Amino acid sequence: MKVFKNMVPFLVGIVAVFYLLPLFMRNTAGAMMVLLFAMPVLCLAISFAYGRMRGFHVLYPLAVCLCFLPSIWIFYNESALIYVAIYGALALLGSFLGGLR
């Protein structure tokens with residue numbers, strides 16, 4: 001339970017990225033910029049900060065994946081399922097690199 005409590009501030013940031021940035025997508029070009037640039041960079045940065053402050057934990061990338069799943073049906077369609085793996089991999093990479101001290 002303590003591990004999850006340590007993740008909460010970082011997961012709030014991830015949820016903000018996953019659910020607030022799509023509100024700014026007005027056209028296809030904007031959507032591609034958000035999905036292919038802004039969200040991955042922010043996901044990697046927040047995950048790196050998590051790893052730097054809390055160390056690496058394998059549950060963090062899984063929590064990031066679970067946070068993104070509902071947004072698929074809210075903002076996108078099933079073709080965006082690949083981003084679950086992409087954001088999970090970025091969270092894994094960021095938290096691992098941040099955890100290297």
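User: In which helix does Y87 lie in this predicted model?

Analyst: The model is a predicted one. Y87 lies in helix α4, which covers residues 82-99.

User: Why is Y87 called buried?

Analyst: The relative accessible area of Y87 is 0%. A residue counts as buried when this value is under 20%. Y87 therefore belongs to the buried class.

User: What does Y87 touch, leaving out residues up to four places away in sequence?

Analyst: Y87 touches F18, L35, M39, P40, C43, V64 and F68.

User: Why is A85 called partly exposed?

Analyst: A85 also lies in helix α4. Its relative accessible area is 47%. Buried requires a value under 20% and exposed a value over 50%, with partly exposed in between. A85 is therefore classed as partly exposed.

User: How far is A85 from P61 in sequence and in space?

Analyst: A85 and P61 are 24 residues apart in sequence, and their C-alpha atoms are 9.6 Å apart.

User: What makes S71 a buried residue?

Analyst: S71 is found in helix α3. Its relative accessible area is 0%, and the buried class takes values under 20%. S71 is therefore buried. Leaving aside neighbours within four places in sequence, S71 is in contact with F18, Y19 and Y76.

User: Why is I74 counted as exposed?

Analyst: I74 is likewise found in helix α3. Its relative accessibility is 53%, and the exposed class takes values over 50%. I74 therefore counts as exposed. The C-alpha atoms of I74 and A91 are 22 Å apart, with a sequence separation of 17 residues.

User: How do you know that R52 is partly exposed?

Analyst: R52 has its place in helix α2, and its relative accessibility is 41%.

User: Which residues does R52 touch, and how far is R52 from I74?

Analyst: Not counting residues up to four places away in sequence, R52 touches G98, G99, L100 and R101. The C-alpha atoms of R52 and I74 are separated by 32 Å, at a distance of 22 residues along the chain.

User: How many helices and strands does the protein have?

Analyst: The protein has 4 helices and 0 strands. Along the sequence this gives the pattern α-α-α-α.

User: Why does the radius of gyration agree with that of a compact globule?

Analyst: For 101 residues, a compact globule would have a radius of gyration near 13 Å. The protein has 13 Å, so the value agrees with that expectation. Along the principal axes, the C-alpha atoms fill a box of roughly 40 × 25 × 20 Å.

User: What part of the protein is buried, and what is its accessible surface?

Analyst: Of the 101 residues, 40% count as buried. The accessible surface comes to about 5900 Å², of which 76% belongs to carbon and sulfur atoms.

User: What share of the contacts joins residues at least 24 apart?

Analyst: Among contacts between residues at least 6 apart in sequence, 75% join residues at least 24 apart.

Methods. Residues are numbered from 1 along each chain as its sequence is written. This is a predicted model: local features need pLDDT of at least 70, side-chain atom pairs count only at pLDDT 80 or more; totals for chains, interfaces and linings use all residues. Side-chain values use heavy atoms; hydrogens and water are left out. Helices (H or I, at least four residues) and strands (E, at least two) are DSSP runs, numbered from the N terminus. Buried means under 20% relative accessible area, exposed over 50%, partly exposed in between (1.4 Å probe, protein chains only). Contact means heavy atoms within 4.5 Å. The radius of gyration is taken over C-alpha atoms; the globule rule is 2.2 Å times the number of residues to the power 0.38. Accessible areas come from the Shrake-Rupley method with a 1.4 Å probe; for residues, only the protein chains shown count as cover.
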